[in-house]
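Hi,

Here is the structure I said I would pass on.

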Amino acid sequence: MATPQIRIIDGETITDRDMNEKELAAYKAVQDEAETKAKAAIDKAVARQAVLDRLGITADEAALLLG
């Protein structure tokens, strides 16, 4: 796999280059965090739908009951 690129804009020029080790580590940390948050959101939505299915109501009906 190719190393991700970084764009440096210094006001006069635009330079694209491969990320160094420190930049790559930060990039991977951000990607891992985003993946973890997305998985948590999916898990929460699945759990919410499972509860609604057990109760036999829709999300709109649950909002009416709770709101």
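Let me start with a question: is Glu33 buried, partly exposed or exposed? With a relative accessibility of 45%, Glu33 counts as partly exposed. Bear in mind that this is a predicted model.

Now for the overall picture. The protein has two helices and two strands, and from the N terminus on they come in the order β-β-α-α. Its radius of gyration is 22 Å, whereas the globule rule gives 11 Å for 67 residues, so the protein is more spread out than a compact globule. Along the principal axes, the C-alpha atoms fill a box of roughly 60 × 25 × 15 Å. The protein exposes about 6,000 Å², with carbon and sulfur atoms supplying 59% of that.

On to the charges: there are 9 positive and 13 negative side chains, and the centres of the two sets are 5 Å apart. The structure holds four salt bridges, among them these:

- Glu33 pairs with Lys37 at 3.3 Å, N to O. Both lie in helix 1 (residues 21-55), four residues apart, or about one turn of the helix. Lys37 is exposed, at 56% relative accessible area.
- Lys39 meets Asp43 at 3.1 Å, N to O, and these two are also in helix 1, four residues apart. Lys39 is exposed at 53%, while Asp43 is partly exposed at 40%.
- Arg17 bridges to Glu23, with the closest N and O atoms 2.8 Å apart. Arg17 is partly exposed at 29% relative accessibility, and Glu23 is partly exposed at 22%.

Cheers

Definitions and conventions: Residues are numbered from 1 along each chain as its sequence is written. This is a predicted model: local features need pLDDT of at least 70, side-chain atom pairs count only at pLDDT 80 or more; totals for chains, interfaces and linings use all residues. Side-chain values use heavy atoms; hydrogens and water are left out. The radius of gyration is taken over C-alpha atoms; the globule rule is 2.2 Å times the number of residues to the power 0.38. Accessible areas come from the Shrake-Rupley method with a 1.4 Å probe; for residues, only the protein chains shown count as cover. Lys and Arg count as positive and Asp and Glu as negative; His and the chain ends are not counted. The place of a charge is taken as NZ of Lys, CZ of Arg, CG of Asp or CD of Glu. A salt bridge is a side-chain nitrogen of Lys or Arg within 4 Å of a carboxyl oxygen of Asp or Glu. Buried means under 20% relative accessible area, exposed over 50%, partly exposed in between (1.4 Å probe, protein chains only).
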